[in-house]
Amino acid sequence: MKSRSDRLNKLASINQSSRYLEIRVSKGITFNAVNITNKVAVDPQFRLNKDKYATEKVVCLEVSSDEFFKSYAQKFESFDLIYLDGLHTFEQTFRDFCASLAVAHSKTIWLIDDTCPRSYAQAQSSLQRCRQIQNFSGEKSAAWMGDVFKIVAAIHDFFPQYSFATFPDHGQTVQL
């Protein structure tokens with residue numbers, strides 16, 4: 001399972017997912033490779049031609065995740081698989097996770113991206129601060145995961161009913 005979509009498709013097979021939500025889609029590479037019938041893409045500024053992909057069963061909403069959960073989420077049935085790859089900050093990702101509970105059910109699976117930064121620089125909550133540290137330290141990677149890693153402890157402490165496992169080589173955590 002080398003790609004995000006491979007992991008998501010494998011997770012989808014676990015609970016026979018038929019409804020998928022992806023927060024922050026950007027170019028749609030992962031979103032379009034997920035083999036689930038009913039899909040919802042949320043991104044404040046798509047970098048894909050959403051009209052090309054939108055169908056009766058594939059919905060593309062160009063709004064922030066906060067706006068989605070406030071104004072749109074209740075129009076959809078509960079999701080079986082939710083992929084959170086948002087703003088790269090703990091605060092936003094935790095807000096997205098908490099809000100997504102309202103559109104989940106007892107068998108929903110979450111995949112949360114960016115939970116294992118590979119360096120101190122990559123773990124900064126600010127992209128600007130990350131770049132400053134990378135430049136100063138000579139770090140070659142341009143990766144930035146933000147402080148999303150904190151969500152693992154927050155879910156552990158505040159949502160003990162959920163189990164999770166982290167793929168450290170992929171920087172992702174799955175919540176069951």
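User: What makes β6 and β7 (residues 172-175) a pair of strands?

Analyst: In this predicted model, four bridges join β6 to β7, and the two run antiparallel; because two strands pair if DSSP finds at least two bridges between them, β6 and β7 count as paired. Phenylalanine 167 has glutamine 172 of β7 as its bridge partner. Strands themselves are DSSP runs of E with at least two residues, while helices are runs of H or I with at least four, both numbered from the N terminus.

User: Why is β6 called an edge strand?

Analyst: The open sheet of seven strands has the order β3-β2-β1-β4-β5-β7-β6, with mixed pairing, and its edge strands, β3 (58-61) and β6 (164-167), each pair on one side only.

User: How do you know which way α4 (residues 65-72) runs relative to α5 (residues 90-100)?

Analyst: Their axes come within 10 Å and cross at roughly 20°, where axes are lines fitted to C-alpha atoms, for helices over the stretch in contact, and angles run from 0 to 180 degrees between N-to-C directions. Angles under 35 degrees count as roughly parallel, over 145 as roughly antiparallel, 65 to 115 as roughly perpendicular and the rest as oblique, so α4 is roughly parallel to α5.

User: What makes residues of α4 and α5 count as meeting?

Analyst: Contact means heavy atoms within 4.5 Å, and Ser65, Asp66 and Phe69 in α4 meet Gln92, Arg95, Asp96, Ala99 and Ser100 in α5. Residues are numbered from 1 along each chain as its sequence is written. Local features need pLDDT of at least 70, side-chain atom pairs count only at pLDDT 80 or more, totals for chains, interfaces and linings use all residues, and side-chain values use heavy atoms, leaving out hydrogens and water.
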